[in-house]
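Please open the model in your viewer and keep the selection panel at hand.

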Amino acid sequence: MKKFLDEIKNGKCRKIILDTDTYNEVDDQFALSYTLLSDKVKLLSVNAAPYLNDRSTSPLDGMEKSYNEILRLLDFTGKSVPVYKGSPRFMTEADLKALGSDLDTPAARNIINTVTDSSDPVTVVAIGAITNVAAAILIKPEICNNMRVVWLGGHGFEWKNTQEFNMHQDTFAASVIFDSFVPFLQIPCMGVASYLATTVAELKQQIGGKNELCDYLVDTVASYQQGRSDARAWSKVIWDISAVTAITIPYAFDIVAVPRPYILPQGFYAHDDARAPMLYARWLNRDAIFGEVFSVIESLSK
């Protein structure tokens, strides 16, 4: 893992695929907008990932809505990158033995083809359910030699469980990543990315009125605050920007090598010091990260 960490610190993970459940939350929109506009990465493509909550009727519906939201943000930014539809469902235990044909998606094939055809490593930055990435590994395990994975998923090791949205809805896919030999950086939610909280007041002050994209992001966050009983002292965590900024401004993170835990379906980690290493973010600088993201997204001309 030292090689991977050196690659991150030395700016050698610039070529990325973003795998995102973009319509699930507003944090994906911030992350995608930042990635599209940053000159510190080369965004090769975007994959739509599934999700299921009160903003979708099924994982397939969530993936489709995310695909459409990706296209909407491309319009806002005026950027053009390939976009691929991903898995219609989450991975199951049966897929670990024989991958379902419906998981062999354009998104999974995009990962396989991009990594295979690249002369240097490609980093897949995943900020949702990780089925697309896991399916690509199960279809063609040798891509792990030329692929890196950064995933916002799971909670910190000290947290009481692993029942974080991205991991809990896609436990078996997470186990594929943790059990593989792909160079891998986990950014936990509670305990690490949970520090990335902002308020509507801060957003309006920092990026409000800067451009149409900024106003769209501010208005979307504000819509979450409306009607809340705790609206007077309310903040919103913009988790997903951590996964991309770990690549663009690694000095804002404390990243260490640790043994890969087992991911148990019951919602817990199991630790074994004999396991292969991975990278783990145990701290981040909230102010540096928001400062970077605000500067980039406000730079889009009106």
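Begin by selecting helix 6 (residues 131–139) and helix 8 (residues 171–179), which pack at an angle of about 55 degrees with their axes 9 Å apart. Helix 6 and helix 8 are therefore oblique to each other, and their crossing is left-handed. To display the contact, select Thr131, Val133, Ala134, Ile137 and Leu138 of helix 6 together with Ala173, Val176 and Ile177 of helix 8. By class, this contact of helix 6 with helix 8 holds seven nonpolar residues, one polar residue and no charged residues.

The model is predicted: local features require pLDDT of at least 70, side-chain atom pairs count only at pLDDT 80 or more, and totals for chains, interfaces and linings use all residues. Residues are numbered from 1 along each chain as its sequence is written, and side-chain values use heavy atoms, with hydrogens and water left out.

The terms used so far are defined as follows. Helices are DSSP runs (H or I, at least four residues), numbered from the N terminus. Axes are lines fitted to C-alpha atoms over the stretch in contact, and angles run from 0 to 180 degrees between N-to-C directions. Angles under 35 degrees count as roughly parallel, over 145 as roughly antiparallel, 65 to 115 as roughly perpendicular and the rest as oblique. A crossing is left-handed if the near helix is turned anticlockwise from the far one by less than a right angle. Contact means heavy atoms within 4.5 Å.

Next, select helix 11 (residues 241–248) and helix 12 (residues 286–297), whose axes come within 11 Å and cross at roughly 90 degrees. Helix 11 is therefore roughly perpendicular to helix 12. Ile241, Thr245 and Thr248 of helix 11 meet Ile289, Phe290, Glu292 and Val293 of helix 12. The residues of this contact divide into four nonpolar, two polar and one charged.

Now move to Thr77, which lies in helix 3 (residues 59–77). Is Thr77 buried or exposed? Thr77 is buried, with a relative accessible area of 7%; buried means under 20% with a 1.4 Å probe, protein chains only. Leaving aside residues up to four places away in sequence, Thr77 touches Leu36, Leu37, Leu213 and Leu300.

Finally, select the cysteines. A search of the whole structure finds zero disulfides, a disulfide being a pair of cysteine sulfur atoms within 2.5 Å. Cys13 is in no disulfide, and the nearest cysteine sulfur, that of Cys144, is 15 Å away. Cys13 is buried, at a relative accessible area of 2%. Cys214 also counts as buried, at 0% relative accessibility.

Key:
Helices (H or I, at least four residues) and strands (E, at least two) are DSSP runs, numbered from the N terminus. Ala, Val, Leu, Ile, Met, Phe, Trp, Tyr, Cys and Pro count as nonpolar, Asp, Glu, Lys and Arg as charged, and the others, Gly among them, as polar. Buried means under 20% relative accessible area, exposed over 50%, partly exposed in between (1.4 Å probe, protein chains only).
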